[in-house]
Amino acid sequence: LLSDHQVREARWLSEFGGWTYAMVSDHFGLTAQYTNRLLSYVARSKIYVNEGDFPPGYKPVAATN
């Protein structure tokens, strides 16, 4: 499972960082189905993201899975 921070990060990357669902899925090691549920706020629906949550141009650290 993703931490609350990772959920915010994934949503921010999709909504403000220009990442596709596939990019988010690959980076976090998620299935396409779960990624769709996560990014459409079906899963973990109480965790919202704002544009200012991460700095402009933010790039996540490479996954260590």
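Start by selecting T35, which sits in helix α3 (helices are DSSP runs of H or I, at least four residues, and strands are runs of E, at least two, numbered from the N terminus). A quick note before you go on: this is a predicted model, where local features need pLDDT of at least 70, side-chain atom pairs count only at pLDDT 80 or more, and totals for chains, interfaces and linings use all residues. Residues are numbered from 1 along each chain as its sequence is written, and side-chain values use heavy atoms, with hydrogens and water left out.

Is T35 buried or exposed? T35 is buried, with a relative accessible area of 2% (buried means under 20%, exposed over 50%, partly exposed in between, using a 1.4 Å probe and protein chains only). Now show what surrounds T35: leaving aside neighbours within four places in sequence, T35 is in contact with Y21, V24, S25 and L30 (contact means heavy atoms within 4.5 Å). Pick the C-alpha atoms of T35 and S25 and you'll find 5.8 Å between them, although the two residues are ten apart along the chain.

Next, colour α2 and α3. Their axes come within 9 Å and cross at roughly 115 degrees (axes are lines fitted to C-alpha atoms, for helices over the stretch in contact, and angles run from 0 to 180 degrees between N-to-C directions). That makes α2 roughly perpendicular to α3 (65 to 115 degrees; under 35 is roughly parallel, over 145 roughly antiparallel, the rest oblique). For the side chains, select Y21, V24 and S25 in α2, which meet A32, T35, N36 and L39 in α3.

Now bring in α1, residues 4-15, and look at how this helix packs on α2, residues 21-28: the angle is about 150 degrees and the axes are 9 Å apart. The two are therefore roughly antiparallel. On the α1 side, select Q6, E9, A10, L13 and S14; on the α2 side, Y21, V24 and F28.

Keep A10 selected. Not counting residues up to four places away in sequence, A10 touches V24, F28, L38 and L39.

Last stop: the largest nonpolar core, which has 15 residues (a set of buried Ala, Val, Leu, Ile, Met, Phe, Trp, Tyr and Cys residues joined through side-chain atoms within 4.5 Å). Those with the most contacts inside this core are L2, A10, W12, L13, V24, F28 and L38. α1, α2 and α3 (32-39) each supply at least two residues, and the largest share, four residues, comes from α1.
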